[in-house]
Amino acid sequence: MEFFCYHRDRAGSVALRDELLEEHWSYMDRYATEMIARGPTFADDGDTPSGSVHIVDLPDPAAARAFAFEEPNYQAGVYRDVLLRRWRNMLGRTMWDYPGDRTGANRYLVLGLGSGQTVDLVVPPDRDELIAFGPLLSDDATTWLGTAALVRSPDPDTARAVLTADRYADVEVHDWEFGGRR
């Protein structure tokens, strides 16, 4: 079962996040074979961390909750909240299999929170710019709750266009970069 996990940083937690970097990476190393994508998001200045995305393949919702809430940054108070949802890997690959340029253009997390009728259950035609793409689902995978995508794009507005306009209660676009050990 695939899960999308987005830990959002608490204001003023950058120093603590930096202090725990090795603990965070060591924790994530334990999930290396289950990891589909990972990486930090950044505030509008493009430099200050604002959150952390992890898409993982785990046995069940209980394992996903343990993954999200036992994470060292969460335990220490770096994060203010966690969005944890079942997810479906529509591309069938990991971020390490992404065929595009990892250095050119910008990368974004596009997070559409669902409202009403299900949309975006088909991969958009320009899939070469998609690093990860899939629906957010209820724990039992029967209810569509939105869509999450990691996108290579020239700007936030172009990234946002990967989702169907005006079909979501809210769409967030965050600067994102490939994560893991350098």
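**Aromatic contacts and a closed barrel**

Tyrosine 27 and tyrosine 31 are both buried, where buried means under 20% relative accessible area, exposed over 50% and partly exposed in between, with a 1.4 Å probe and protein chains only. The model is a predicted one, in which local features need pLDDT of at least 70, side-chain atom pairs count only at pLDDT 80 or more, and totals for chains, interfaces and linings use all residues. Residues are numbered from 1 along each chain as its sequence is written, and side-chain values use heavy atoms, with hydrogens and water left out.

Rings of Phe, Tyr and Trp (its six-membered ring) are paired if their centres lie within 6.5 Å; planes under 30 degrees apart count as stacked, over 60 as edge-to-face and the rest as tilted. By this rule there are seven aromatic pairs. In one of them, the ring centres of tyrosine 27 and tyrosine 31 are 5.4 Å apart with planes at 50°, so this pair is tilted. Tyrosine 27 also forms a tilted pair with phenylalanine 67, at 6.1 Å centre to centre and 35° between the planes. Because tyrosine 27 lies in helix H2 and phenylalanine 67 in helix H3 (residues 61–69), this pair ties together parts that are 40 residues apart in sequence. Helices (H or I, at least four residues) and strands (E, at least two) are DSSP runs, numbered from the N terminus. Phenylalanine 67 is buried, as is tyrosine 27, and Tyr27, Tyr31 and Phe67 form one aromatic cluster.

The strands come next. Eight of them make a closed barrel in the order S1-S3-S2-S8-S5-S7-S6-S4, with antiparallel pairing; two strands pair if DSSP finds at least two bridges between them. On average, neighbouring strands of this sheet are turned by 30° against each other, direction ignored. Helix H2 (residues 21–29) packs on the sheet and touches strands S2 (35–42), S3 (49–57) and S4, contact meaning heavy atoms within 4.5 Å. The direction of H2 makes about 160° with that of S2; axes are lines fitted to C-alpha atoms, for helices over the stretch in contact, and angles run from 0 to 180 degrees between N-to-C directions.

Strand S7 (residues 144–153) is largely enclosed by the rest of the structure, because nine of its ten residues are buried. Eight bridges join S7 to the antiparallel strand S5 (residues 106–114), and valine 110 stands opposite alanine 149 in S7. Alanine 149 is also the bridge partner of phenylalanine 133. S6 and S7 pair in the antiparallel sense over seven bridges.
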